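Please open the structure in your viewer and keep the selection panel at hand. The stops below say what to select next and what is there.

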Amino acid sequence: MQILDMNMINFRNLDDEHLEFDRRFNLFLGKNGQGKTSILEAIYFTVTGKSFRTSKNKEMIKYGRHKMGAFVNYEDRIALKSISVKVDEKKKRYSYNRKPIKYDEFLGKLNIISFIPEDIELIIGSPSVRRSFFDYEIAQADPEYYLYLKSVSKLLKFRNKYLKDRNTKDPMFEIYNLEFIKYASLVVKKRIDYIKNVSRLLSLNYRKLFDGEKELTLGYKSFLGELKSPTLEEIGGKIRKSYEEVRDRELRYGYSLIGPQRDDFIFLLDNKEAKSYSSQGEKKSIVFALKISEIDMIIKEKKETPIFIIDDISSYFDSIRKGNILKYFQKREIQLFISSTSDLEIEAKRFHIHRGGIDG
Ligand SMILES: Nc1ncnc2c1ncn2[C@@H]1O[C@H](COP(=O)(O)OP(=O)(O)OP(=O)(O)O)[C@@H](O)[C@H]1O
């Protein structure tokens, strides 16, 4: 997949622009605070409907304005297509080939992977950071997963309401419970399969790009404990059993104590938890290797090459790691959007950013 051009209006500090991109490398150059991250964010936002640095839409709207929007033309294996996202203070609107669509349909139309300095949170942050990341990544390759997640979160709310009201004798509670177990099992199964596949790639990519000596693995810390390769039925059985075990405690506390909303994921470098034992440089490299592995996961599932974004490569990686990363992309047919405070030794379309103005 390749983004051919983009129009944006009222996006952060950026001037309203029409930008035409290179099918391979696009480099955004500028001093700090000029708008490099904002342009990458605008691209990411148009493709995903989300920002990679805020969950508040309002923050992306230019100061003093009430609406913003961006539109891209892109090409996949099949045809030339377009998508857009518009935001006002209340609502987000999505379109595909100029027709309005819902988020469920918009998700995964175009695939993108971003790497930004804040991604280190995937290692050092709370489980919810990792859950959101993997949930999004699984869903962009497999939209069914997003529907399962939506059902789990809706049923969890119902379940919690009954527990809070101490109303678990109501027959509806059992009905919600059974539905919850069904969708929770589907989510757990998809997570197991996804993590198994991505872990294999992660280990290979880490060795290839950063350190041939060390073994990197990714594990899934399910709320159900150790899981090898269970069937859907076995997962359902385990969840039912776990609920029986916590039934009295759940009633006492008044909310759900177990479920996929409690899952976590763990990175191990040479069998030691990266969060506690790895160096800063290793943590950054682990995250980067993970993002690279996402590329192959998307190619496998969607038969399309995703777009890749790297923010602030110069201040984040030393020259050896930076060189390895650029070499990696030179060898692959991937459209790359990259920002840097200093020029890089790559053949690319260069955009110079100064106070929100883009010259390219
Ligand atoms: N909603 C907004 N409206 C207008 N300007 C904004 C908005 N949000 C942020 N800004 C400003 O946009 C400017 C550009 O920020 P951005 O993070 O894109 O810079 P950058 O070039 O990536 O800098 P750095 O290299 O320091 O990360 C900042 O000065 C910021 O204060």
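Before the first stop, a definition is needed: a helix axis is here a line fitted to the C-alpha atoms over the stretch in contact, and the angle between two axes runs from 0 to 180 degrees between their N-to-C directions. Please keep in mind throughout that this is a predicted model.

Select helix H6, residues 171-209, together with helix H9, residues 280-302; their axes come within 8 Å and cross at roughly 125°. Because of that angle, H6 counts as oblique to H9, and the crossing in which H6 passes H9 is right-handed. To see the contact itself, show the side chains of Asn197, Val198, Leu201, Leu202, Asn205, Tyr206 and Leu209 on H6, and, on H9, those of Ser285, Ile286, Ala289, Leu290, Ile292, Ser293, Asp296 and Met297. Coloured by class, this contact of H6 with H9 comprises 10 nonpolar, 4 polar and 1 charged residues.

Next, select strands S9, S10 and S11, which form an open sheet of 3 strands in the order S9-S10-S11, with antiparallel pairing. Strand S9 (216-221) and strand S11 (272-273) are at the edges, and each has a single partner strand, so one side of each is left without a neighbour in the sheet. Strand S10, residues 264-269, runs antiparallel to S11 and is joined to S11 by 2 bridges; at Leu269, look across to the bridge partner Lys272 in S11.

Finally, select the ligand and the 16 residues that surround the ligand, the closest being Asn13, Asn32, Lys36, Thr37 and Ser38. Which classes of residue make up this shell around the ligand? The shell has 9 polar, 5 charged and 2 nonpolar residues.

How values were computed:
Residues numbered from 1 in each chain as written. Predicted model: local features only at pLDDT ≥ 70, side-chain atom pairs only at ≥ 80, totals over all residues. Near = placed C-beta within 6 Å. Nonpolar A, V, L, I, M, F, W, Y, C, P; charged D, E, K, R; others polar. Pairing = 2+ DSSP bridges. Helix = DSSP H or I, 4+ residues; strand = E, 2+ residues; numbered from the N terminus. Parallel < 35°, antiparallel > 145°, perpendicular 65-115°, else oblique. Left-handed = near helix turned anticlockwise from the far one by under 90°. Contact = placed C-beta atoms within 7 Å.
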